[in-house]
Amino acid sequence: MGRKPHPIIRELKIEKIASEGKALGYYNDKVVFVGGTAPGDVVDVRVNKKKKSFLEGQAIHFHKKSEMRIEPFCSHYGVCGGCKWQHLSYEDQLEFKSEQVKDSLERIAKVDLPKISPILGSENTTFYRNKMEFTFSNNRWLTREEIDSGKEFESDALGFHVPKRFDKIVQIDKCYLQADPSNAIRNAVDRFAKDNKITYFDLIKQDGFLRNLIIRTTSTGQLMVILQVAEENEEWLNMMLNHIKESFPEITSLLYILNQKGNETFHDLEVNVFHGKDHIIEEMEGLEFKIGPKSFYQTNSDQAYELYKVARNFADLKGNETVYDLYTGTGTIANFIAKSAEKVIGVEYVPEAIEDAKVNSELNNIKNTKFFAGDMKDVFNNEFLKEHGKADVIITDPPRAGMHPDVVKTILNIEAEKIVYVSCNPATQARDLALLDEKYKVTKVQAVDMFPQTHHVENVVLLERK
């Protein structure tokens, strides 16, 4: 028996943008999420997911297009899975992000709120990322238009994973996320590999040579390229790396990794230097930050500066405070605010990140920071607090999942005068604010847009002791 066809909803009116950036309409008292649409669109929807409380589908025909819609600028829009809000003006994107923050804080936190400041938009809405990762595959994804064209296409591809398909890669011609020479490097590598019959990785069979390409840029003009290969083939490796080096003399760090694991992560693998240094240097307000191949650094450098300025302004340090910087990562915020505080204690559960944080303090001759690796709820015991002193200010910048309830409990026990909470997920931030409401009141809220053309938004909240 053939598969049952997906049901189609006719002339669904898209009403609004909800959390996680999904546009929705209503059908028979059920919410219907439809990607790539905007409030005001009237569409036919092919339903591809049915749940008890909602449906999800894709627009297959537009009866009416919203006045909000604009023409996407990228030829890969709707296929590669990135930059999903290109069909919305940047002004509308910022409006929806502001509403997302407000809705999360009001609906989930349910605490008294001050007047929320207007969102800080990004000066650059394209070419703003400093790091991109591209995947090689011998299983290229073909769009419906490409299939219908009747043309033959290379099976090898260098680009991005198709959403929900680990084994298929979209061939990328031009990406609008990272500035030059990112596109030129990727396309040159792709051309050279195909011209020289160098094999692309098979994501299902787990064989083939070329696996992954990472490009990292800085505002200082330094440039890192990392090539991951899956087989030991010195001839191909030297051919490719020499081609990259000669074609792009501006590269200051050319590295390679032999990765024979089942995934592309390389935190546990050796990174080899082919040319230049093993790191690049980023600058922010006179501070230098050393970025290695395994280092985390905010991917939008310009907006990271704006974000950290908000955090520093909210902390309003006078120079005599002890600051605890939780989830400090590579110590970027800790080092950024160090000159304004007496002492900064950074805690992070990734040991390698803590080593980077220490290096960054040394690099900038910062003497009043200390960094510790460990689980937050275990590190902050009475002994630790006694040794390092009472925190006057706590800055916390947790991952998307927010803070563990035990960490929130520890923060409440510390009883700092102020907490500056930086979040990349307003929903989990709001959940934590509800818990912190026991002893703290929210006095300032500032959203910052780090990722134009997407629904993601950062939010900074100042809490002061009641």
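UniProt places the feature "active site" (unreviewed entry) at Cys424. Such positions follow the numbering used here, feature names are shortened, and annotations may be inferred rather than shown by experiment. This is a predicted model, in which local features need pLDDT of at least 70, side-chain atom pairs count only at pLDDT 80 or more, and totals for chains, interfaces and linings use all residues. Residues are numbered from 1 along each chain as its sequence is written, and side-chain values use heavy atoms, with hydrogens and water left out.

Start at Cys424. Cys424 sits in the loop between strand 19 (418–423) and helix 11 (426–436). Helices (H or I, at least four residues) and strands (E, at least two) are DSSP runs, numbered from the N terminus. Leaving aside neighbours within four places in sequence, Cys424 is in contact (heavy atoms within 4.5 Å) with Pro398, Pro399, Arg400, Val457 and Glu458.

Tyr327 occupies the loop between strand 15 (322–326) and helix 6 (332–337). Tyr327 counts as buried because its relative accessibility is 12%; buried means under 20% relative accessible area, exposed over 50%, partly exposed in between (1.4 Å probe, protein chains only). Beyond residues up to four places away in sequence, Tyr327 touches, among others, Glu348, Asp397, Pro398 and Pro399. Pro398 and Pro399 are also contacts of Cys424.

Gln298 lies in the loop between strand 14 (287–291) and helix 5 (301–315). Its relative accessibility is 8%, so Gln298 counts as buried.
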